[in-house]
Amino acid sequence: MNDSPGWAVPGPSPSDGERPGASDGQGGTDGAPPQPPQPAGGQKWSAEQPPPGEWSSPGAPQAPKPPPPQQPQPGSGWGSYGGPQGPQDGRYGYPGGPGQWGKPPAAKPGVIPLRPLDLGEILDGAVATVRSHWRSVLPITLVVATVVQVISVLVQKYALADLAVTADPEASLQDLLDTLSGAMTALVANGFIQLIGTIIATAMVTMIFSRAVLGQGSTIGQAWREARPRLLHLLGLTLLMGLGGAALVVVLLLPGILLRSIGLGLVGGLAAVPLVIWLGIKFSLASPALMLEKAGVITSLRRSSRLVRGSWWRIFGITALTGLITAFVSAVIVYPLTALGLAIGLADGGVSGLENGTAATGWAPLILAAVGAVIAQTITMPIQAGVTVLLYVDQRIRREALDLELARAAGLENYGSDPAAPPTGG
């Protein structure tokens, strides 16, 4: 790891619960207790020495020896707060010693504390980043959402409005094919532009969040310079995941289509839904891994799979809850403006506007719906991307002690070396 937002060097990392230097037969010594220094002359001191100032004279009654402190188990990673699997060294487990419950104390150089995060801390970190770094975050999502919605309005106004020709009984077959072909081309182009805009916004917001975790600010120019080399990789990752999911659905539906069996097709569709969701969560952390570790597409998918392993339901729950919250916020903003636009369209075209579709494709309803979508996407897009980034950070803290690397990158001295000594800023 370096001090840049990349944090980690690409390559194999101990994502399966193994900590660096654990006793794995490969010569790691981080998990072993330190050996006392040996004096000159060949004499060896005992491995157990009394603490300074507590020597007793010969023959004096010996005070009972306190039990030795419990050592962290190599490879156990972060356990639950106060749980039996987490190291009990004052930084990972019980905050005040065994038997005392609560969250362990941790430094907080940025928007999150450097320890395993709960649901509230992840959501609060995402919102806090948007609130404290709004000058960098909101202009990015605002520009992307505006461009996407302007193109979408034009497509709906001209390309989709031409589909009314298909309802004309006097239209020739060639006219119908030309109209459908033009509409499909416009829809595909609009979808591709939305994809590109989402990728650019996600990449830049990811870099801003990576600095916010360290307590550092980031300008739009810095975010663009750091994200630009990874955009093609992120596009490839997004396309691979999308095409892979579509291919999986087609494969499961194909037997029912070939055999013309509605029941078999229904079974394939029902099997495709949970499988696509499972794979989506399994590879949900591939995007931040690709951006922050500078890894390749396939390596990022493998990293996400290892980080999600054993925490699928937790990540699914947080992701689903975030989706519900952002969907609710979007609905509160978009639906009133859309209803107002439809009311204006009905006032202009009357009831006939509902029959021929002009009430929904007029300028007023399209523009008002687009304004609502721009506002909603400007707010919700960085929150969704931020939750994904913080989930990635949280999983690496739990599995790979990333908090130590983040503390060093944030300039905190002696973090994790002495539990009794609070970290100091460098």
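Arg260 is placed in the loop between helix 5 and helix 6, where helices (H or I, at least four residues) and strands (E, at least two) are DSSP runs numbered from the N terminus. The model is a predicted one, in which local features need pLDDT of at least 70 and side-chain atom pairs count only at pLDDT 80 or more, while totals for chains, interfaces and linings use all residues. Residues are numbered from 1 along each chain as its sequence is written, and side-chain values use heavy atoms, with hydrogens and water left out.

Although Arg260 is not a glycine, its phi is positive, at about 55°. Arg260 counts as exposed because its relative accessibility is 80%; buried denotes under 20% relative accessible area, exposed over 50%, and partly exposed the range in between (1.4 Å probe, protein chains only). A positive phi, near 55°, is also found for Ala401, a residue other than glycine. Ala401 lies in the loop between helix 12 and helix 13 (402–409), and with a relative accessibility of 8% Ala401 counts as buried.

With regard to the protein chain as a whole, 13 helices and two strands are assigned, and buried residues make up 36% of its 426 residues. Among the contacts in the protein chain with a separation of 6 or more, 69% are accounted for by residues 24 or more positions apart, a contact being defined by heavy atoms within 4.5 Å.

A search of the whole structure for aromatic pairs returned three; rings of Phe, Tyr and Trp (its six-membered ring) pair if their centres lie within 6.5 Å, and planes under 30 degrees apart count as stacked, over 60 as edge-to-face and the rest as tilted. One of the pairs is formed by Trp312 and Trp313, which are arranged edge-to-face with 4.8 Å centre to centre and 85° between the planes. Trp313 also forms an edge-to-face pair with Phe316, at 5.8 Å centre to centre and with 90° between the planes. Trp313 and Phe316 both belong to helix 9 (residues 312–349), where they are three residues apart, about one turn of the helix. Through these ring pairs, Trp312, Trp313 and Phe316 are linked into a cluster. As to accessibility, Trp312 is buried, with a relative accessible area of 16%, whereas Trp313 is exposed, with a relative accessible area of 66%, and Phe316 counts as partly exposed at 28% relative accessibility.

The second largest pocket was then examined, and its volume is about 920 Å³. On a 1 Å grid over the protein atoms alone, a pocket is an open set of points where a 1.4 Å probe fits, with protein on both sides within 12 Å along at least five of seven lines, and lining residues have an atom within 4 Å of a point; grid points are joined across faces, edges and corners, and a volume is the space filled by probe spheres set on the points. The lining of this pocket comprises 33 residues, of which Thr198, Thr202, Ser284, Gln384 and Thr388 are the closest to its centre. At least two lining residues are supplied by each of helix 3, helix 5 (231–258), helix 6 (262–282), helix 7 (286–292), helix 9 and helix 12 (363–400), with helix 12 contributing the largest share, nine residues. By class, the lining of the second largest pocket has 16 nonpolar, 17 polar and no charged residues, where Ala, Val, Leu, Ile, Met, Phe, Trp, Tyr, Cys and Pro count as nonpolar, Asp, Glu, Lys and Arg as charged, and the others, Gly among them, as polar.

Thr206 is located in helix 3 (residues 173–213) and counts as buried, at 2% relative accessibility. A polar atom of the Thr206 side chain lies 2.7 Å from the backbone oxygen of Thr202, polar contacts being pairs of N or O atoms within 3.5 Å that, within protein, require one atom able to donate a hydrogen and the other to accept it, with residues adjacent in sequence counted only if both atoms are side-chain atoms. When residues up to four places away in sequence are not counted, Thr206 touches Met291, Leu292 and Val389.

Two further buried positions were considered. Ser152, in helix 2 (residues 134–159), is buried with a relative accessible area of 9%, and, leaving aside neighbours within four places in sequence, Ser152 is in contact with Asn190 and Gln194. Leu307, in helix 8 (residues 297–308), counts as buried at 0% relative accessibility; the C-alpha atoms of Leu307 and Lys282, which are 25 residues apart along the chain, are separated by 8.6 Å.
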